[in-house]
There are 6 protein chains.
Amino acid sequence: MRLLILNPNMTAAMTERMAEVASRVVAPDTELLTATAPRGFPYISSRAEAQVAGALVLEMIAERMGTVDAVVVAAYGDPGLRAARELFDIPVVGMAEASMLTACMLGERFSLVTFTANLAPWYLESVHAAGLGSRLASIRIPHESFRSVLDVRNELRAALLAEAGRAVKDDQADVVILGGAPLAGLALEVDDAPAVLVDPISAAVKQAEALARVAPRGAGAGSFARPPAKPNQGLPDALGAWIAREAGS
Amino acid sequence: MRLLILNPNMTAAMTERMAEVASRVVAPDTELLTATAPRGFPYISSRAEAQVAGALVLEMIAERMGTVDAVVVAAYGDPGLRAARELFDIPVVGMAEASMLTACMLGERFSLVTFTANLAPWYLESVHAAGLGSRLASIRIPHESFRSVLDVRNELRAALLAEAGRAVKDDQADVVILGGAPLAGLALEVDDAPAVLVDPISAAVKQAEALARVAPRGAGAGSFARPPAKPNQGLPDALGAWIAREAGS
Amino acid sequence: MRLLILNPNMTAAMTERMAEVASRVVAPDTELLTATAPRGFPYISSRAEAQVAGALVLEMIAERMGTVDAVVVAAYGDPGLRAARELFDIPVVGMAEASMLTACMLGERFSLVTFTANLAPWYLESVHAAGLGSRLASIRIPHESFRSVLDVRNELRAALLAEAGRAVKDDQADVVILGGAPLAGLALEVDDAPAVLVDPISAAVKQAEALARVAPRGAGAGSFARPPAKPNQGLPDALGAWIAREAGS
Amino acid sequence: MRLLILNPNMTAAMTERMAEVASRVVAPDTELLTATAPRGFPYISSRAEAQVAGALVLEMIAERMGTVDAVVVAAYGDPGLRAARELFDIPVVGMAEASMLTACMLGERFSLVTFTANLAPWYLESVHAAGLGSRLASIRIPHESFRSVLDVRNELRAALLAEAGRAVKDDQADVVILGGAPLAGLALEVDDAPAVLVDPISAAVKQAEALARVAPRGAGAGSFARPPAKPNQGLPDALGAWIAREAGS
Amino acid sequence: MRLLILNPNMTAAMTERMAEVASRVVAPDTELLTATAPRGFPYISSRAEAQVAGALVLEMIAERMGTVDAVVVAAYGDPGLRAARELFDIPVVGMAEASMLTACMLGERFSLVTFTANLAPWYLESVHAAGLGSRLASIRIPHESFRSVLDVRNELRAALLAEAGRAVKDDQADVVILGGAPLAGLALEVDDAPAVLVDPISAAVKQAEALARVAPRGAGAGSFARPPAKPNQGLPDALGAWIAREAGS
Amino acid sequence: MRLLILNPNMTAAMTERMAEVASRVVAPDTELLTATAPRGFPYISSRAEAQVAGALVLEMIAERMGTVDAVVVAAYGDPGLRAARELFDIPVVGMAEASMLTACMLGERFSLVTFTANLAPWYLESVHAAGLGSRLASIRIPHESFRSVLDVRNELRAALLAEAGRAVKDDQADVVILGGAPLAGLALEVDDAPAVLVDPISAAVKQAEALARVAPRGAGAGSFARPPAKPNQGLPDALGAWIAREAGS
């Protein structure tokens, strides 16, 4: 299968790192493809930025339909996830959703540890959008500051793991997700973690592989049936054409 | 106060009708302004269309900041509502949210009656996004088809009111929202309704007036504090500039 | 419209202050009337006192039907609110409910800051009665004591605002309600608040104005249809007569 | 123990019947006392009537403090229950609450079958006030009309049992409460019921006996600690005096 | 009635103590019987141990059917409770469930205080299995260690009561359950408790007495109807025979 | 990886069929092993049978520790799942849980279609145990009877698919799980399904593969840390020894 790692941020270095992490866990017969947002933001970190980036996700998938078998939206808050599922007939997976669902099989309650407080409310909305509020133990963020979002995983490594330990000890978490694209792979590299750790990009690519076998045409019934063809104006070409075209035509 | 009715659809006739209905209920000292989407869709009716339209809402408000005191997002599913609240320091109100909150003061349980099944799942997500799932009695849609979305309020009037009656009788609703921009004003014009009816555009403009008095700077603390200035690329001019600029600068 | 501010406490000074605050926010065409409980308690602050005061609310409205267009029950825990909605065919609004619903448009999560711990459980029940438990961040009360309930807003001003700041910083609130009739107006008078503040009496009168336009006959269907005429004995005159009389007769 | 069956309705025949049913299930060492409301309504059946009757419950208990060891509020919607628990230092039990909690040990989901639609919303609020919404399967009411509330148990017997059967078959109930004071005892007298039936007055007296052993001083901590002495005016003598007096004095 | 106190642990001394506590609260006409697990664990304290012990509960009841009128499963996490209710046609009560339901009549929110952290997650699952999550204030465990589980009630008495006080003061609990079989009776013996305390074995035997009057045949409809006869192999004799036999045969 | 398909039923033909279905979807580097219950029931279908079978699951895994890398508990209601996760340090996956979590990535709401009403309550408890009640649209069962549980997938094929269609049309489901071991593989073989279908055994093996990469040591922190060594008596040899032995020893 051809699996697209779609980064709705403009930072190509982050896309590459996520692809490298993904390559460690994919099945032998999975081919990895990547895409990085051609416009928008270096790193989205607010509801407003996610609103804009979610529209970009639709545009980037529309441009690649027919050349990929499944998509991972590779930004932790899953911008545009449900809209993409409705519009396209292949599996679409989000890092936040995939890591939460994976965590649900590793304990009763999970915590999220991430690196900047700005992101917490957006992440919390992902939890509630998934209906998993009763499984969340806590969202924890180190107080330490950092210099570079690209290197935050090294700068804050000790602080992040300390928060993971507190999530288990103080918040009754069984599992801890290390969330945010810049932390990709960190969970896989810790030998003596104080918690069972989940790496979102790994979880997402494995879930995409699972869906590609279990439901290769993705979501496509009920409220996720592809909407009827709709005239539109001023949209990016591929997306506008896809929306204007009847399914199957 | 200057109150903007912002229609994220391209259909100007619908904007005008909503403004006319609004003019019947506003306070003497409220001035109504309108805006209609310059691109996008004639009438949004899917999650994907709302993802795109929500980004348009941000763009349209950015272009008008400084000239309006409050905004009503005049499409029933409230596209872009939370993102707009985060980004701008004036009250922003959505028709779905405002009509649900208003209904909560007219009974314990409300139903939503609208005219096309496509919209139901999107509307249901609005209910849950507001945390009001326990107050919802039902979403009901007439089986009858109609010719024109602009005239659906007349074509389906009897059928819509019959569903409102069933919501009270069969679903234990106390109040019924007639949802969807094309039904604007209908709730105000029925004399012998089988239920207490709520008109979304009326509810939204009155809520915007209330916020303009109670919290004239809108949402602005906690997770709705305006995000830090963020570099960006390829965004519409006013929106890109707004996001790139520090608050207060 | 004629809007009645009904104080179910016996303290007329509090009624006057609330009316003064209300007068700052009402629309030009709203006329304010007031009523103060003729018996009961100087200031209700327990479930038992609210049970008694709620019956007083019904009695006081019954005595004024025909002379007012909407009622604000001006005690923060909304005693008698649902019973009044059921019995009378005009909008009836409670300060707790109105301030919570208003807060829901100013962020995702609200906190309540008030001045005495006795009231917290009763207020918490108001939150759950409204089905808004998932939107509540915290209830906070300063540890400081005060001398006079009538002057508590000045005595504890700094402490109350400090708690509002902690609600945002520590409890992830986006909005803070300053609850309890003795704090009326305080939220409107703070220039540099650490949170978006909601003033309950202001919120309530604006919501009453909104309902008077959107649903001038108030709640009146489903479980809020006026009950059939019921014989009764030993009730205050106006209330007994109202309950004994068939609607429309 | 001296157990008071307190009927907040004025119909003494109903009090007597409930006492007779109670006498069949009490332990040998339980003494039954009764009280019937001296004013108010023949049979309360609305929120407004319950608001008034709840205040009567406080008054009636205040008059009997020192002569009873526990109280059953013998009207199905439990008027004044929480207020009474707060004010008095003996166990106070409600028929609706007691029958629901009892039902929770006889299956996962319970239904309520009663005889008049007016009462359903009030009963539903009792379920939610108890936090037991997830255990409720349905509320069912026969369509048949009846002549006398005192004889409704005989007139509608077949229809009520048919609804109990449907609750199990169609609504996935495991247990059925036959709710409403006029049905007292019916559940105990059916040999071939299509469901496990719960009789509210029986459940309530057994729960009162249980509390009298497990916590003979009733609720009395946290938010149910007796409120501080409070001056008051115009209240019935015993109640006014009780509220004005400090606990222990 | 013949009431069986069934201890799914192997420690007979604990069975005896629970029977002694039970004897203080039962009605004059209740006869107490006991049973102690013949195999398994001295004291179960994990999900895995409860899974095994729950099967033992079924086996122990099957051996005694016809000789007892009701059963109390006397281990705090209620192992095998729902399975036993489904299989046998007499009331079956669990200590955790019974103490929570009893606590619900002594306040709005209850806390659980117990003596070892291992048990907390299992107890929390009991709360959620009962659908009572919204009534739980906290689970609290003293930090102090102890030498003997049989004497923990004396060793940690002060620490346990201190936690009960904190539950009321810091967690807004109204009632506190002292959970875990080794604490049996402690709640009854404290004169100056900082909270209303519930003793689980007392609560359970009183609830079993209540059910024996209200529903002497126990759960038996809907999803708790006895399953059809099922062939089986390798099960303990009495249990295997009971499951293989059609109800009524 | 070595993946064990553990059938807690005694019917080997069912184990074989599930292994055959699993072999169609596993990755090239996954080796499938199987185990069938040596005692118990031909096909478990009640809470009581699941209580017994859950203990068998623990016993069967204990006997195979060291020879497998992950386990799928191959009975739809997931007997013993949480206990196994707590006790063993490899991933353990249940068919019900895995299919629900998979369904959550294929739409907002899922339905379960299965073949016999006995199983519905047990399955419903699986949904709530997973905290996914808000995602469930319905549980549907054909009215038609069948002769053989081994052939039910062919006998009821048309009826099952009709119910799947109704789940989408009438219950607003987006996805449908065909639940129950005897239906294994059916979802994969339908070309023109009226819904997106999920096959539980396929979902479970793919989830086990995912966990084996993301968290190869399974659940192991917080409340799922392996319990301390515990003496025991009368347990099956391997299980007794495992429980009696300290982790790491």
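How far apart do the closest C-alpha atoms of chain A and chain D lie? In this predicted model, the separation is 14 Å, and no contact joins chain A and chain D. Chain B and chain E likewise do not touch, with their nearest C-alpha atoms 14 Å apart.

Chain F, in contrast, does meet chain A: 42 residues of chain F are in contact with 42 residues of chain A. On the side of chain F that touches chain A, the elements giving two or more residues are helix 4 (95-103), strand 8 (196-198) and helix 8 (200-214) of chain F. Of these, helix 8 of chain F gives the most, with 8 residues. Divided by class, this side of chain F has 23 nonpolar, 11 polar and 8 charged residues.

The arrangement of the two copies was then examined by superposition. Chain F is superposed on chain A by a rotation of 180 degrees with 0.0 Å of shift along the axis, at an RMSD of 0.0 Å. The two copies are therefore related as by a two-fold rotation axis. The same surface serves both copies, since 100% of the contact residues of chain F recur in chain A.

Within chain A, two domains are assigned. Domain 1 comprises residues 2-95 and 203-244, and domain 2 comprises residues 97-199. The C-alpha centres of domain 1 and domain 2 of chain A are 23 Å apart. Contact between the domains involves 23 residues of domain 1 of chain A and 21 residues of domain 2 of chain A. On the domain 1 side, two or more residues each come from helix 1 (12-25), helix 2 (47-64), strand 4 (92-94) and helix 8 (200-214) of chain A. Helix 1 of chain A gives the most to this side, with 6 residues. The side of domain 1 of chain A that touches domain 2 of chain A has 14 nonpolar, 5 polar and 4 charged residues.

The nonpolar interior was considered next. In soluble globular proteins, nonpolar side chains tend to be buried together. The largest nonpolar core of the model holds 605 residues. The members that touch the most other members of this core are Val72(A), Val72(B), Val72(C), Val72(D), Val72(E) and Val72(F). In chain E, with residues up to four places away in sequence left out, Val72(E) touches Leu3(E), Leu4(E), Ile5(E) and Leu6(E), together with Val93(E) and Met95(E). Val72(E) also touches Ala204(E), Val205(E) and Ala208(E).

Key: Residues numbered from 1 in each chain as written. Chains lettered and ligands numbered in written order. Predicted model: local features only at pLDDT ≥ 70, side-chain atom pairs only at ≥ 80, totals over all residues. Domains from an automatic or database assignment. Contact = placed C-beta atoms within 7 Å. Helix = DSSP H or I, 4+ residues; strand = E, 2+ residues; numbered from the N terminus. Nonpolar A, V, L, I, M, F, W, Y, C, P; charged D, E, K, R; others polar. Least-squares fit on C-alpha atoms with pLDDT ≥ 70 in both. Core = buried A, V, L, I, M, F, W, Y, C linked by C-beta atoms within 7 Å. Buried ≥ 20, exposed ≤ 12 C-beta atoms within 10 Å, placed from the backbone.
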